[in-house]
Amino acid sequence: MHISRKGTVFGLMLVAFSPVFFLTGGRVGEDALTTFFIVACLLFTLIWEKKPSLSNTIILALLYGCGMMTKLSVAIPALFTIIIYAKKIVIVYCKKIKADKYASGIFGKIALFGCISLPLGLWYSLRNYILFGQSFTFVLRPNDNNLYIGDISKLLRILPFDINNIMRSPYAHPYDDYNLPTYLVKSELFGEFDYEISNWIPNILLFTNIVLTVAVFF
């Protein structure tokens with residue numbers, strides 16, 4: 001990706017010491033595997049952009065298919081992949097630039113990508129739709145009514161960053177919190193647990209994480 005040596009060191013440090021990877025790696029669930037497939041899909045999209053060969057197309061399709069079979073949210077990076085596909089099509093056909101040998105049959109390779117990734121990634125959702133009429137966006141409603149937040153507006157749940165919530169406690173509380181950005185910041189560091197330590201320690205860690213997140217974002 002043409003990142004400088006200094007940038008590579010800082011980027012690796014951020015990933016290596018990010019608490020979310022420690023928490024995810026020690027849990028029994030799909031999150032660690034989902035993270036792997038998302039990163040692999042983004043990486044192989046860049047590899048495919050440089051060398052859109054048949055083998056790279058198949059590997060990328062398998063990564064997306066297996067990733068979506070793990071968790072449908074792995075399809076989100078496909079927006080980036082679609083942009084790269086469109087860029088390649090423009091270069092090969094619209095600009096009439098002399099293409100390398102791998103760019104031939106670009107539409108066929110994109111069609112092959114869809115034929116492999118979509119059936120592999122959606123077969124279980126399609127099975128449930130056929131057998132039980134379950135929608136592709138179905139989410140099981142929690143049996144515990146204390147976890148239900150449907151009575152709170154979507155605007156309050158998604159858009160604003162709840163500063164008052166941050167100041168009240170550095171820990172995420174599943175039964176009380178409802179604001180998504182705030183909950184993500186808290187749970188990234190401490191999961192959904194409280195710790196019997198002085199409050200100044202988690203507060204410093206939390207605000208340090210917020211600063212690092214904003215710095216990386218920009």
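This is a predicted model: local features need pLDDT of at least 70, side-chain atom pairs count only at pLDDT 80 or more; totals for chains, interfaces and linings use all residues.
Figure 1. A search of the whole structure gives nine aromatic pairs. In the pair made by Trp 48 and Tyr 85, the ring centres are 4.5 Å apart and the planes stand at 65 degrees, so the arrangement is edge-to-face. Trp 48 belongs to helix H3 (residues 31-50) and Tyr 85 to helix H5 (residues 78-94), so the pair ties together parts that are 37 residues apart in sequence.

**Figure 2. The aromatic pair of Tyr 171 and Phe 190.** The two rings lie 5.3 Å centre to centre, with 75 degrees between their planes, and the pair is edge-to-face. Tyr 171 sits in the loop between helix H8 (163-168) and helix H9 (180-190), while Phe 190 is part of helix H9; the pair therefore ties together parts that are 19 residues apart in sequence. Tyr 171 and Phe 190 are both buried.

**Figure 3. An aromatic cluster that includes Trp 48.** One cluster is formed by Trp 48, Tyr 64, Tyr 85 and Phe 113. Among its members, Tyr 64 is also one of the buried residues of H4.

**Figure 4. Helix H4 and what covers it.** Helix H4 runs over residues 54-70 and has 17 residues. From its first C-alpha to its last, H4 reaches 24 Å, close to the 24 Å expected at 1.5 Å a residue. Which residues of H4 are buried? They are Asn 56, Thr 57, Leu 60, Ala 61, Leu 63, Tyr 64, Gly 65, Gly 67 and Met 68. An α-helix has 3.6 residues a turn, so residues three or four places apart point the same way. The cover over the buried residues of H4 includes H3, H5 and helix H6 (106-132).

**Figure 5. The second largest pocket and its lining.** This pocket has a volume of about 190 Å³. Its lining is made up of 13 residues, and those nearest the centre are Leu 72, Tyr 124, Ser 125, Asn 128 and Gln 134. H4 and H6 are the elements that give two or more residues to the lining. H6 gives the most, with four residues. By class, the lining of the second largest pocket holds six nonpolar, six polar and one charged residues.

How values were computed: Residues are numbered from 1 along each chain as its sequence is written. Side-chain values use heavy atoms; hydrogens and water are left out. Rings of Phe, Tyr and Trp (its six-membered ring) pair if their centres lie within 6.5 Å; planes under 30 degrees apart count as stacked, over 60 as edge-to-face and the rest as tilted. Buried means under 20% relative accessible area, exposed over 50%, partly exposed in between (1.4 Å probe, protein chains only). The expected span of a helix is 1.5 Å times one less than its number of residues. Contact means heavy atoms within 4.5 Å. On a 1 Å grid over the protein atoms alone, a cavity is a set of points where a 1.4 Å probe fits but cannot get out, and a pocket is an open set with protein on both sides within 12 Å along at least five of seven lines; lining residues have an atom within 4 Å of a point. Grid points are joined across faces, edges and corners, and a volume is the space filled by probe spheres set on the points. Ala, Val, Leu, Ile, Met, Phe, Trp, Tyr, Cys and Pro count as nonpolar, Asp, Glu, Lys and Arg as charged, and the others, Gly among them, as polar.
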